[in-house]
Amino acid sequence: MNTIDSVTTGLERAGYIADRQLATVIFLALKMGRPLFLEGEAGVGKTEVAKVLAAMLDRPLIRLQCYEGLDLNSAAYEWNAAKQMMAIRLAEARGDATSVERNIYSRDYLTARPLLQALELAQAGTPPVLLIDELDRADEPFEAFLLEVLSDFQLTIPELGTVAASANARPVVVVTSNRTREIHDALKRRCLYHWVDYPDIEREWKIVTTRAPEIPEALSREVVAFVQRLRRMDLFKAPGIAETLDWSRALTALDAMTLDPATVDATLGALLKYQEDIQKVRAGNN
Amino acid sequence: MTHLANNIVHFARILRASGLSIGPDRVQDALYALTLSGLDHRDDVKAALAAVLTKSIADRPIFDEAFRIFWRDPDLESKVRAMLLPQVESRAGQQKAPMANRRLAAAFFPHAAAKPVAPMGTQEIQFDAALTFSPEERLRRADFDTMTTEEWAEARKLVARLRLPMAEIATRRFVSGTRGTHLDFAASLRQSLRNGGDVWPLIRRQPRTRVPPLVVLADVSGSMERYTRMLLYFLHAISNAGSRASRVETFLFGTRLTRITRELHHRDIDQAVAKVEDRVSDWGGGTRIGPCLKSFNYEWSRRVLAQRATVLLITDGLDRDDGGVLAAEMARLKRATPQLIWLNPLLRYEGFEAKPAGVRAMLPYVDRFLPVHNIASLTELGRVLASNQRGTQHGTDRQLYASR
């Protein structure tokens with residue numbers, strides 16, 4: 001991956017049609033070893049970037065789905081207390097207390113969660129693609145904790161020491177956010193920022209034919225034109241690319257050859273997820 | 001290379017002057033990024049710089065414009081500065097002398113106390129029967145000059161006395177404690193080893209509690225202006241009440257919606273209010289509640305209501321145009337928040353009925369309907385928020401309201 005063009009073609013081969021801007025940012029993230037911070041509306045293909053990167057680079061993908069209350073135990077590591085207690089009981093039975101003291105806080109009793117897994121894989125020489133998905137869903141304390149991981153690619157475990165990925169084998173980190181709240185500047189500073197926008201009509205058509213090749217060409221052009229028109233309407237939630245693909249597949253499943261009002265009406269639910277939006281489009285459609 | 005470095009530094013400086021926050025480390029990154037992306041394609045250079053120098057989609061318009069002008073021709077730099085500087089200077093120029101000056105003036109010349117103003121605060125505010133709301137936007141500045149020392153002191157007293165005690169809600173995050181239902185084995189083990197391993201204290205996990213955020217939507221149209229102005233002081237106090245208090249997002253609306261959260265975070269109340277005054281262009285004008293709520297719902301609700309925020313809607317509901325927009329947007333707002341509280345100064349009138357179309361459209365969607373016209377009603381608001389009876393008071397308030 002030595003040029004921006006090679007990134008573009010690599011992504012395309014893996015099934016992702018990226019615009020030049022996104023390709024440039026991905027290229028830089030790979031070269032500079034920086035996390036990639038992708039923000040954008042739901043369904044524009046942010047998560048997909050990480051999946052495709054893993055396929056393109058032939059690396060394992062480790063995914064950390066964020067939610068409110070996500071804590072260290074489920075994001076980084078957890079001491080396996082049950083196993084530790086078992087070891088203590090066994091050692092007591094053997095009358096061998098010193099081995100317990102030495103071993104009870106060793107790697108054997110640690111359960112690795114996504115962040116630690118990623119760093120350990122990197123240490124072992126196979127740096128993975130680490131996807132931290134929908135970071136805006138996690139709460140702020142978790143963001144603060146991520147700072148160490150994202151800037152130094154290391155994780156400090158008080159009882160064990162520091163696990164660090166070496167500079168030349170760092171995981172490729174992709175952070176996504178739907179922007180339901182602002183992520184703190186300190187975290188964004190450590191990343192390369194890119195706003196993933198809705199694609200233009202040409203690129204969207206290319207995406208549809210790549211990801212849903214079974215759709216007839218004439219229909220695919222109509223579909224894309226229709227969706228592009230919807231995005232210009234005053235809707236509460238404009239359809240993303242994911243919705244375009246869903247809709248294309250729905251129409252193909254119905255053996256539709258062209259778009260007619262009845263079919264559109266019946267399948268609108270694949271495209272729009274708010275009742276008010278559906279009503280508005282129906283009113284305009286008739 | 002040094003020439004390029006110089007240009008990047010200048011470019012970053014221009015962006016910084018236009019309000020983007022760019023540290024020196026970012027400049028270094030930008031240079032590095034450019035050596036990687038190459039300088040052959042203008043678009044690549046732009047994408048590379050944008051990736052490093054912007055931190056939000058909101059930065060993009062400024063960045064795009066600056067990039068367009070700056071990188072057209074490096075020699076144009078002085079021109080660019082000339083083009084960008086007036087903006088910067090005008091922003092600086094708008095920094096009004098803090099209102100402390102007016103207080104100072106009043107302190108120095110007490111007898112010159114300008115116009116006689118009905119004292120605000122403890123005394124009931126005379127309701128302006130003229131109901132000066134109109135659909136036209138009157139783009140005029142708020143008239144803060146009428147705020148005298150006396151009035152200001154009343155407001156200060158009000159603010160000093162009031163806190164907004166909010167009931168804490170349980171989060172899904174846990175802390176070690178004594179009252180939890182789950183045992184924290186790892187912590188128990190650690191604790192026992194610390195004491196030699198003989199005694200096993202049982203450490204439990206209990207949910208951490210947190211104050212939910214508060215989102216305030218306040219009406220600044222002609223008929224509401226006085227109340228909202230008084231409330232600004234209150235909002236400033238609760239916005240800066242410290243880390244354990246709830247995060248407050250504040251929006252003002254008349255004919256358009258303006259977010260003033262940032263302005264209110266200014267430590268000095270007078271500077272904060274001056275900044276708000278600068279930002280809000282529709283003080284005392286008409287009111288279009290429906291479209292304003294709509295722009296809140298579309299642009300902000302998903303960003304500020306995500307964490308179980310309570311919404312305070314401060315308006316008299318006197319809106320002319322309805323056409324279903326208002327009811328639809330109220331319904332949407334209600335669905336996005338666990339607790340929607342409507343503060344209406346008209347509610348203190350004995351004979352107040354839900355006659356205006358706006359009030360009728362909004363009422364079905366509010367959880368609490370409370371008066372807001374004096375200190376007592378604000379204290380009542382604090383009591384309601386502290387009671388933790390989220391959305392359960394429908395009946396009582398309605399009855400209360402119906403009995404009037």
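How many helices and strands does chain B have? Select chain B and count: 17 helices and nine strands. Helices here are DSSP runs of H or I with at least four residues, strands are runs of E with at least two, and both are numbered from the N terminus.

Before going on, a word on the model. This is a predicted model, in which local features need pLDDT of at least 70, side-chain atom pairs count only at pLDDT 80 or more, and totals for chains, interfaces and linings use all residues. Residues are numbered from 1 along each chain as its sequence is written, while chains are lettered from A and ligands numbered from 1 in the order in which they are written.

**Stop 1: the two chains**

Stay on chain B. Of its 404 residues, 35% are buried. Buried means that 20 or more other C-beta atoms lie within 10 Å of the residue's own; exposed means 12 or fewer, partly exposed is in between, and C-beta atoms are placed from the backbone. Now consider contacts in chain B between residues at least 6 apart in sequence: 77% join residues at least 24 apart. A contact means that the C-beta atoms of two residues, placed from the backbone, lie within 7 Å.

Switch to chain A. It has 14 helices and nine strands. Among its 286 residues, 39% count as buried. For chain A contacts between residues at least 6 apart in sequence, 75% join residues at least 24 apart.

**Stop 2: where the chains touch**

Show both chains. Chain A brings 30 residues to the contact and chain B brings 26 residues. On chain A, select helix H2 (20-32), helix H5 (81-94), helix H9 (185-189) and strand S9 (192-196): each supplies at least two residues of the side that touches chain B. Which element gives the most to that side? H2(A) does, with eight residues. Colour this side of chain A by class and you get 13 nonpolar, six polar and 11 charged residues. The nonpolar class is Ala, Val, Leu, Ile, Met, Phe, Trp, Tyr, Cys and Pro; Asp, Glu, Lys and Arg are charged; the others, Gly among them, are polar.

**Stop 3: the sheet of chain A**

Select the strands S2, S5, S8, S1 and S9 of chain A. They form an open sheet of five strands, in the order S2-S5-S8-S1-S9, with parallel pairing. Two strands pair if DSSP finds at least two bridges between them. Strand S2 (61-65) and S9 of chain A are the edge strands, each pairing on one side only. Neighbouring strands are turned by 20° against each other on average, direction ignored.

Zoom in on S2(A) and strand S5 (residues 129-133) of chain A. They pair in the parallel sense over five bridges. Look for A:Leu64, which stands opposite A:Ile132 in S5(A). H7 lies across S2 and S5 of chain A and runs at about 160° to S2(A).

**Stop 4: two positive phi values**

Most residues other than glycine have a negative phi. Select A:Glu134, in the loop between S5 and helix H8 (140-152) of chain A. Its phi is near 55°, a positive value. Is A:Glu134 buried or partly exposed? A:Glu134 counts as partly exposed, because it has 19 C-beta neighbours inside 10 Å.

Next, select A:Phe153, in the loop between H8 and strand S6 (154-157) of chain A. The phi of A:Phe153 is near 50°, again positive in a residue other than glycine. A:Phe153 has 23 C-beta neighbours inside 10 Å and so counts as buried.

**Stop 5: helices around H10**

Select helix H10 (residues 201-211) and helix H12 (residues 241-253) of chain A. Their axes come within 10 Å and cross at roughly 50°. That makes H10(A) oblique to H12(A). Axes are lines fitted to C-alpha atoms, for helices over the stretch in contact, and angles run from 0 to 180 degrees between N-to-C directions. Angles under 35 degrees count as roughly parallel, over 145 as roughly antiparallel, 65 to 115 as roughly perpendicular, and the rest as oblique. Show the side chains of A:Glu204, A:Ile207, A:Val208 and A:Arg211 on H10(A), and of A:Ile241, A:Thr244, A:Leu245 and A:Ser248 on H12(A): these residues make the contact.

H10(A) and H11(A) pack at an angle of about 130°, with their axes 10 Å apart. They are therefore oblique to each other. The contact of H10(A) with H11(A) has six nonpolar, three polar and two charged residues.
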